[in-house]
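Dear colleague,

Please find below the structure that I am handing over to you. My notes on what was found in it follow, and I would ask you to read them with the structure open.

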Amino acid sequence: MTPMVDLAFLLVTFFMLTTKFAPEEAVVVETPSSTSEIRLPDAHVVTVAIDKDKRIFFGIGDDEIKDEVLKQVGAKYGISFTPKQVQAFRGAGASFGTPIEKLPALLNLDPEKRKEVTQDGIPADSTNNQLMEWVVTARSLSQKQFNAAPYIAIKGDGQADVPTVKKVIKLMQEKNINRFNLITDLETKPVAGK
Amino acid sequence: MAEIQQNSGGGGKGGKKRAKKMSTKIDMTPMVDLAFLLLTFFMLTTTFSKPTVMQVTMPVKPKDKTEQSEIKASNAFTILLGENNKVYYYDGLLSADTKPELKLSSYDANGIRKELLSRRSNKDLVVLIKPDDKSNYKNMVDILDEMNITDQRKYALVDISKADVDLIKSSEL
């Protein structure tokens, strides 16, 4: 039995060390599949998620700039955050989808309660364009901190409607962001020409 | 395994009677159970595959109208993404006096892919993808994926025009 147990423990250690738990998402997004084989990079990713109810969520991959982004965007809308709220924001999963006015209240809730709140999406229209504020701030901070522009990843639900996706793309283009990554699941590539 | 050598210490006498020799073997079963439980847990929760991404590069906004290039009708191929997972296509451009023939196709391997492959001989082909407002994001990803599969050199996501919508309506496909 000894060799088997040895092996079992070896595997346990291996899996324990390699496992990276997926951060909790504020929204369930079923991504469509594609044959693209490019992997999503680990760092410097800014995610814009669009769910099937046309709600828009925003997420920053890098913890280092999260606080600063929150403070800067808050300052633009005249909202200041307490250190405790900033702390909560840092730990608040991968993405969020609340208008900034409601963000302090959301961050005051304890993590268990926060999950139950239905977030109504980040406003992204011409009069109240908070989404771009987040994206642009995250981009400039990432540029400053890491000397690299972040990857803008769009994570759309398969059932999301085209007008919302197109709106997001248009808004990005207005800010001169022309390169996107659409997050998809992997699908085996069929052989073309057969 | 976890056995301690009892007869160390010179090995001279060995005749002395000890009380009762206790076995030093530990029952490992619970530990092994736990090890396998953990093993299964981590194996099942591990996600090796990160999500993949599809890169889309949109054209930079032209500064003025003169920078925009016109596409010749003979090189244009338009794909319209309609509601209920329908996909239409036509050759050439739609204008007031020419109405190209709209055809219905599908997203599977024998649908739009065949049409794209059959037009591969035209090196200057420009595929215009026009998603209707009622189509969904999956359709858009699917068709962009077809572009990758069929190695299209030039394709663009374009807003659907009123004329295109009318064309779909009038064709009743």
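**Two helices within chain A**

Helix H2 (residues 63-76) of chain A packs against helix H6 (residues 130-146) of chain A at an angle of about 135 degrees, and their axes are 9 Å apart. Please keep in mind throughout that this is a predicted model. An angle counts as roughly antiparallel only if it is over 145 degrees; H2(A) and H6(A) are therefore oblique to each other. Their crossing is right-handed. From H2(A), the contact is made by A:Glu64, A:Ile65, A:Glu68, A:Val69, A:Gln72, A:Val73 and A:Lys76. H6(A) contributes A:Glu133, A:Trp134, A:Thr137, A:Ala138, A:Leu141, A:Ser142 and A:Gln145. Sorted by class, the contact of H2(A) with H6(A) holds six nonpolar, four polar and four charged residues.

**Where the two chains meet**

How many residues of chain A are in contact with chain B? There are 45 of them, and they touch 40 residues of chain B. On the side of chain A that touches chain B, at least two residues each come from H1, strand E2 (38-39), strand E5 (151-156), helix H7 (162-174) and strand E6 (179-186). H1(A) supplies the largest share, nine residues. By class, this side of chain A has 23 nonpolar, 15 polar and seven charged residues.

A pair of helices, one from each chain, deserves a separate look. Helix H1 (residues 2-18) of chain A packs with helix H1 (residues 29-45) of chain B at an angle of about 35 degrees, with the axes 9 Å apart. The crossing of H1(A) and H1(B) is left-handed. In H1(A), the residues concerned are A:Val5, A:Ala8, A:Phe9, A:Leu11, A:Val12, A:Phe15 and A:Met16. They meet B:Val32, B:Ala35, B:Phe36, B:Leu38, B:Leu39, B:Phe42 and B:Met43 in H1(B). Which classes of residue make up this contact? The contact of H1(A) with H1(B) has 14 nonpolar residues, no polar and no charged.

Strands also link the chains. E2(A) is joined by two bridges to strand E1 (residues 52-57) of chain B, and the two run antiparallel. Within this pairing, A:Ile38 stands opposite B:Val53 in E1(B).

**The sheet of chain B**

In chain B, five strands form an open sheet with mixed pairing, in the order E4-E3-E2-E5-E6. From one strand to the next, the twist averages 25 degrees.

Strand E2 (residues 76-81) of chain B pairs with E3(B) in the antiparallel sense over five bridges.

B:Tyr88 has B:Leu104 as its bridge partner in E4(B), while B:Tyr89 has B:Lys103. Is E3(B) mostly covered or mostly uncovered? E3(B) is mostly covered, with four of its five residues buried.

Yours sincerely

Note on methods. Residues numbered from 1 in each chain as written. Chains lettered and ligands numbered in written order. Predicted model: local features only at pLDDT ≥ 70, side-chain atom pairs only at ≥ 80, totals over all residues. Pairing = 2+ DSSP bridges. Axes fitted to C-alpha atoms, helices over the stretch in contact; angles between N-to-C directions. Left-handed = near helix turned anticlockwise from the far one by under 90°. Contact = placed C-beta atoms within 7 Å. Nonpolar A, V, L, I, M, F, W, Y, C, P; charged D, E, K, R; others polar. Parallel < 35°, antiparallel > 145°, perpendicular 65-115°, else oblique. Buried ≥ 20, exposed ≤ 12 C-beta atoms within 10 Å, placed from the backbone.
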